[in-house]
Amino acid sequence: MAITTMVGARIHRREDPRLVRGLGRYADDFVRPHTAYLAVVRSPHAHARIRSIDLTEAKKAPGVVTILTAADFKKVISGAMPVAPAFVPEKKTVPDRFPIAESEVAYQGEPVAVVVADTKYHAADAAELVLVDWDPLPAVIDLEKALEAASPRAHEDLPDNIGWDTTFSPDAEAAFAAAEVVVKQRILQQRLAPTPMEPRGVLADWNGADQAMTMWLSSQNPHFIRLFIGGAMGIPETRFRVISPDVGGGFGSKISPYPEDYLVPAASKLLGRPVKWIETRTENLQNATHGRGQIFDVEIAGNRDGQLLGLKVTQYLDLGAYCGTFGAFQACACLLPGAYIWKQVASRTVGVLTNKVPTDPYRGAGRPEATHLIERILDRFCDEIGRDPAEVRRKNFIKEFPHTSPFGLVYDSGNYDGSLTRALELAGYDQFKRDQEAARARGRYLGVGISTWLEICGFGPSAATAPATGGLALTESAHVRVFPTGSVNVYVGTHSHGQGHDTTFPQIVADALGVPYDMIELRHGDTAEGPSFGYGTYGSRSLAVGGMAVLKAAHKVRDKARKIAAHMFEAAEEDVVFDQGQFYVKGSPENRKAFGEVAFAAYGAGLPESIELGLEAVAYFDPPNFVWPFGAHICMVEVDPETGGVEMLKYVAVDDCGNVINPMIVEGQIHGGIVQGIAQALFEEVVYSEDGTLRTGTLLDYSVPTANEIPPLTLDRTITPTPTNELGVKGIGEAGTIAASAAVINAICDALAPLGIHHVDMPASPDRLWKQIQEAKA
Amino acid sequence: MIPAAFEYARATSVQQASDLLRQYGEDAKVLAGGHSLIPLMRLRLARPVALVDINPIRELSYVVEENDHLRVGALTRHVELQNSEVVRRHLPILADIAGEVGDNQVRNLGTIGGVIAHADSAGDYPTLALMLDAEIVTNKRRLAAKDFFQDLFTTPLESDELVCEVVFPVAGGPHKYIKFRRRLFDWAIVGAGALQVNGGWRVGLTNVGPTPVRASAVEQALASGASVEEAAQHASDGLSPSGDLRASPEYKLHLARVLTRRAIEQASA
Amino acid sequence: MKHRISVTLNGQQREDEVEPRLLLVHYLRDVAGLTGTHVGCDTSQCGACTVHQDGKAVKSCTVFAVQADGHEVKTIEGMAAHDGALHPIQQAFWDEHGLQCGYCTPGFIMAAAYLLEQNPNPTDDEIRKGLEGNLCRCTGYVNIVKSVSAAAKAMAGTAAQPAHTAPVAGE
């Protein structure tokens with residue numbers, strides 16, 4: 001790139017002035033005249049047949065406009081909700097899912113009726129009066145029990161509860177046969193609730209005269225919603241506008257279309273008036289897709305000198321009652337080798353249907369699971385051979401790039417030793433180890449844990465992702481429009497819900513076009529403007545894919561401007577130099593035309609026939625490869641052996657996401673990511689009772705930590721640009737979450753090693769640790 | 001979520017509140033700080049037909065030291081107890097406990113009378129009331145704390161009766177209340193209080209049963225010269241707590257013993 | 001039966017007829033049209049709905065509108081000066097990247113304003129404890145703590161100094 005001025009600068013965010021004033025525009029902040037309010041009647045049972053639904057009393061309730069059930073919705077919604085296929089499954093069952101149950105419910109919370117009333121208060125009142133005659137069926141809640149032949153089925157008509165069974169790579173026998181040491185460990189990933197602070201919400205307004213739908217909703221990818229909901233309702237893109245305004249966090253839970261995303265616009269169409277539904281937190285914890293929910297059986301093989309040889313992993317994934325749209329988690333298997341060289345890696349994944357809300361992506365989606373298991377089993381291995389975890393990691397790091405993994409994926413660039421070295425230094429690792437010895441002598445249990453994480457992101461090269469997505473390309477789009485006075489609008493297919501694209505994307509354009517940053521505005525989240533299609537924001541893809549689309553469109557605009565400048569200079573195009581927003585003819589740098597002058601000329605009279613009027617361009621970017629950020633996180637803890645309480649003493653993270661557009665935003669993403677990882681390690685867990693009743697249905701019971709529970713974080717970074725894209729950038733949105741849980745749990749295991757405790761599952765809550773300590777002492 | 005509809009009336013005197021409660025009948029509720037009641041109403045786990053708002057009864061908000069007793073008006077907010085000089089001087093453990101209820105926003109509205117009347121097993125004030133043989137004064141009578149907390153959410157309060165005052169003996173001696181929890185705003189998984197009064201120890205426990213618990217066996221063991229370590233072992237005597245999401249019964253019993261020891265040790269330190 | 005209430009909202013008095021069960025947060029959002037106060041939970045944990053009632057931070061999802069009768073309520077919309085200048089806490093959240101999705105932010109700012117009134121010079125630890133009633137899912141709290149600390153310093157410096165409104169800094 002040319003000399004940069006904005007890229008790399010700590011520019012403060014553009015969206016903040018409205019957000020700090022309370023002038024954000026979230027889904028519930030929109031009102032339309034004559035809006036009716038929708039409340040969902042949900043199944044209290046995990047599994048039941050619907051004998052009948054009695055609406056008599058509910059219809060008489062004050063303010064009720066209508067009550068709708070599956071039969072009504074079938075008039076305006078067709079087909080089943082989308083499910084991305086898994087890679088080459090050996091076995092596969094995908095239960096059909098309609099947005100509202102007709103005869104059988106398969107999880108607590110599944111919609112069975114909707115009440116539409118004049119106010120949300122009346123809708124809530126009437127929803128209580130809908131009487132469903134239930135015929136409860138046996139429910140299957142436990143993942144392992146679901147695999148037993150005699151288990152009840154998650155749906156009555158299933159042959160078994162296997163959603164899929166896929167072996168990615170079957171063989172690691174040679175590596176295991178050659179190994180001096182084999183360690184086995186079962187590693188659990190509890191179910192988590194993504195819990196964005198803004199629950200979901202939908203406002204839909206059907207205009208019967210125009211036969212057009214406008215929908216406001218809290219979504220990470222409005223184009224998907226338009227594609228799927230428009231498709232199911234038979235409304236073409238031209239008459240289906242989806243607006244996803246300010247969104248109060250997503251973390252993966254606002255990617256896939258939800259039942260209400262169909263039911264609300266369908267109700268609006270049936271009623272011919274705007275209909276609004278805003279999710280309550282209780283509904284969110286119960287019905288928004290959960291993350292994780294997996295059991296891993298892991299075996300590691302290596303030699304006593306620390307050399308790693310082989311890895312075998314079987315993943316059992318709790319799908320819930322239906323296959324989530326993106327629930328396949330192939331990313332997990334792809335990442336199993338981690339940052340290390342292996343002779344062989346074998347992996348198999350089994351998706352299991354249960355009577356719980358479906359699982360789908362949650363921050364990291366597959367990669368935190370992979371990192372946790374590899375970093376955990378590595379420490380188990382170190383424990384077994386009595387070697388230092390830092391040393392063993394160093395010994396096995398991949399050092400040459402590009403590197404082709406056992407799964408055929410190509411790691412673009414890395415410096416794993418570099419980030420680990422820096423992290424050890426910042427953490428004071430050696431000193432801590434000495435302190436730890438001294439503390440142990442005094443009966444205190446200090447521990448340090450390392451997580452040298454890496455991830456696959458920047459989804460994704462269409463050639464690699466299309467087989468997993470059913471043909472969706474996961475490319476990205478941008479439209480750059482330069483107006484006659486030189487101001488610039490940038491429209492993108494990604495969606496910012498906290499990531500700060502309003503600031504970072506204009507930083508890229510400012511440098512690419514040499515236009516003052518303040519003259520560039522980003523717009524996103526409205527399918528009525530910008531490129532025809534975008535894939536949205538998730539999987540740490542926005543910058544590496546979307547940012548590149550923006551750059552590509554900016555370059556198209558620059559090239560067109562050069563043509564026009566050449567005409568203005570009466571020079572040959574190849575003789576025109578573009579230098580930070582100004583054009584001149586080679587050899588005459590004193591005679592310049594500013595970008596704005598050229599923009600004005602682009603819309604004026606006098607251009608020759610060979611140059612089309614206007615200065616704007618659309619670009620689509622399909623990356624040639626994924627990008628592979630990495631880093632090293634170190635956590636230090638003290639465990640109170642009497643209560644099982646964990647105190648975090650220090651947390652250090654040295655991450656590498658290649659070139660950095662805005663360091664302030666990168667740091668913010670890492671902070672937030674780490675804390676969600678810590679939250680998984682120590683606090684959060686979705687708990688169901690044996691009959692499938694959610695026990696963590698409020699924020700009193702689902703323990704999202706507060707500021708008080710979180711230690712200060714020490715960050716640093718190394719910079720290893722990727723050769724995959726011109727910006728040299730990798731993703732960073734999920735990095736912290738991917739890395740953190742292993743660092744915390746490894747630290748706890750290190751602390752408790754003197755008691756003979758080698759593994760701890762999550763969340764490492766005081767009661768659970770206490771129990772384990774008791775068992776170890778017994 | 002949205003509460004079911006109810007009638008609302010504001011009382012400006014205890015008499016008026018009592019009259020209103022009588023008028024609305026058994027299914028009416030007193031609205032004080034509302035921080036237990038309103039969430040339950042939003043979840044529709046509570047659906048009173050009427051709320052009698054006692055917040056305007058200004059004369060129920062006070063802290064007075066009188067004849068070696070601290071009289072605390074039922075409508076006194078947690079924040080007022082936390083910051084009260086009178087409380088700090090005469091019953092500092094009460095200020096400590098108040099400062100650990102909920103969070104700033106909750107403490108700004110929540111009241112001591114509300115916590116006492118709600119009788120949640122995880123409430124902190126009831127434990128102190130029991131430890132100190134406090135008296136609960138209603139518009140009808142005076143009840144000893146040990147007679148007041150009958151069972152989970154169960155007290156002898158009649159439908160037109162409201163808590164007006166809690167009377168604690170003053171106790172400025174060594175004290176400590178440990179509220180063991182995962183997040184700062186959480187209820188106690190287990191709480192333990194230790195307070196020295198006239199040379200003897202008062203010990204109480206929170207959330208180890210349907211009501212708060214006075215750890216009499218610990219107090220007696222200490223009185224008869226047992227070491228803190230030994231005495232604390234009696235903290236779980238006779239308890240059979242139920243498990244919940246955060247703790248098994250065994251863990252609660254264990255915490256009762258550990259926290260009791262620590263509370264006494266830290267109070268003595 | 002509806003009740004007539006009179007509330008001084010961000011310095012302006014207004015009168016409305018409300019149902020007793022109308023939550024203060026719904027009154028602010030749906031009746032008064034002030035949508036800066038958000039709802040993030042049903043059980044008064046998240047603090048997104050924090051406003052000031054008579055100068056004290058409260059969770060407006062756990063107060064009935066009818067209880068605000070005769071009281072002063074201040075929301076996030078009442079924090080900036082009349083000329084549009086941001087309150088130092090708002091400014092600090094902007095400067096220190098104390099927000100990402102922004103949904104919890106108004107509640108945090110209102111809670112922080114109360115905290116700083118009680119304790120104008122808090123340590124980081126006191127800030128973390130003082131914000132226990134508010135949940136954020138994006139920032140990991142690191143920059144929120146920084147923001148409140150910076151705001152405390154700015155407010156101590158001189159309350160009279162006007163806040164600048166367009167921070168752009170090179171690294």
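This is a predicted model: local features need pLDDT of at least 70, side-chain atom pairs count only at pLDDT 80 or more; totals for chains, interfaces and linings use all residues.
As for where it sits, D244(B) is part of the loop that links α11 (228-232) to α12 (249-268) in chain B. Its C-alpha lies 9.0 Å from that of I189(B), although 55 residues separate the two in sequence.

Over in chain A, there is an open sheet to look at. It is built from seven strands with mixed pairing, running β3-β6-β1-β13-β10-β11-β12. On average, neighbouring strands are turned by 20° against each other, ignoring direction. At the β3(A) end, the pairing with β6 (residues 111-117) is antiparallel and takes in five bridges; within it, T66(A) has V116(A) as its bridge partner. Helix α7 (residues 222-233) of chain A packs on this sheet, where it touches β11 (212-217) and β12, and its direction makes about 145° with that of β12(A).

α16 (residues 501-513) and α17 (residues 542-569) pack at about 35°, their axes 9 Å apart, and the crossing is right-handed. The α16(A) side of the contact includes F505(A), I508(A) and V509(A), while residues such as V550(A), L551(A) and R558(A) are among those on the α17(A) side. By type, the contact residues split into ten nonpolar, five polar and one charged.

Conventions. Residues are numbered from 1 along each chain as its sequence is written. Chains are lettered from A and ligands numbered from 1 in the order in which they are written. Helices (H or I, at least four residues) and strands (E, at least two) are DSSP runs, numbered from the N terminus. Axes are lines fitted to C-alpha atoms, for helices over the stretch in contact, and angles run from 0 to 180 degrees between N-to-C directions. A crossing is left-handed if the near helix is turned anticlockwise from the far one by less than a right angle, and right-handed if clockwise. Two residues are in contact if their C-beta atoms, placed from the backbone, lie within 7 Å. Ala, Val, Leu, Ile, Met, Phe, Trp, Tyr, Cys and Pro count as nonpolar, Asp, Glu, Lys and Arg as charged, and the others, Gly among them, as polar. Two strands pair if DSSP finds at least two bridges between them.
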